[in-house]
Amino acid sequence: MPGILSVDGATGSDALSREDAVAGKGALRSLQRALDLAVPGDTIRVGGGEGYYRESRPASGRDPAGIIVTTGGLPGRPLIIEGVPGPDGAPPVIDQGRSAAMPGPGVAGLVLACVSHVVVRDLVIRNVNEAAITTSVNGCQHQDIAVTGNAIANVTGSGLVAGIR
């Protein structure tokens, strides 16, 4: 059954089960953990405030490194990833700390890995050297992806880079 998963990078715990997180018994610490626990129709509320989220799974055959979204939604029941301002009013920030001058593979902000029916809204994504938000670049189809209210900054790289790809 779909629910709400909260993420708080400062005080959350990735030891929570899906059941405890959906029951409101606490927030998860990492966005990746929330995405790993998500089911179609869930809403993931990413908390803002001091600090930022710097998370990255390694690149796979068709996807760059980054925070990987492997569960999508269903028609009429999208997976929603939404930023929520912190107590100080600051939005949630995904900051991968990358630049074009850094060696190694590119790192994206969010990677939508062969998923459909996803909403991404109200996040700040910066300092990536791949793409801020990207879909899998080959081998699958995506439908009904909505990206709104996000701020994207400092997307650099030597290859195929983009704010949204």
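Trainee: Hi! What kind of model is this, and how are residues numbered?

Mentor: Hello! The model is predicted, so to speak of local features we need pLDDT of at least 70, and side-chain atom pairs count only at pLDDT 80 or more, while totals for chains, interfaces and linings use all residues. Residues are numbered from 1 along each chain as its sequence is written, and side-chain values use heavy atoms, with hydrogens and water left out.

Trainee: Okay, disulfides. How many does the structure hold?

Mentor: There is 1 disulfide, meaning a pair of cysteine sulfur atoms within 2.5 Å.

Trainee: Which cysteines form it?

Mentor: Cysteine 114 and cysteine 140, with their sulfur atoms 2.2 Å apart. A disulfide is a covalent bond between the sulfur atoms of two cysteines.

Trainee: Which parts does the pair tie together?

Mentor: Cysteine 114 lies in the loop between strand S6 (107–112) and strand S7 (118–121), and cysteine 140 in the loop between strand S9 (131–135) and strand S10 (145–148), so the pair links parts that are 26 residues apart in sequence. Strands here are DSSP runs of E with at least two residues, numbered from the N terminus.

Trainee: Why is the disulfide called left-handed?

Mentor: Because the torsion about the S-S bond of cysteine 114 and cysteine 140 is about -85°.

Trainee: And how accessible is cysteine 114?

Mentor: Cysteine 114 is partly exposed, with a relative accessible area of 29%. Cysteine 140 is partly exposed too, at 27%. Buried means under 20% relative accessible area, exposed over 50%, and partly exposed in between, using a 1.4 Å probe and protein chains only.

Trainee: New topic! Is strand S4 mostly covered or mostly exposed?

Mentor: Strand S4 (residues 79–84) is mostly covered, as 5 of its 6 residues are buried.

Trainee: Which strands does S4 pair with?

Mentor: Strand S2 (residues 43–47) pairs with S4 in the parallel sense over 5 bridges; there, isoleucine 44 has isoleucine 81 of S4 as its bridge partner. S4 also pairs in the parallel sense with S7, over 4 bridges, and isoleucine 80 stands opposite valine 119 in S7. Two strands pair if DSSP finds at least two bridges between them.
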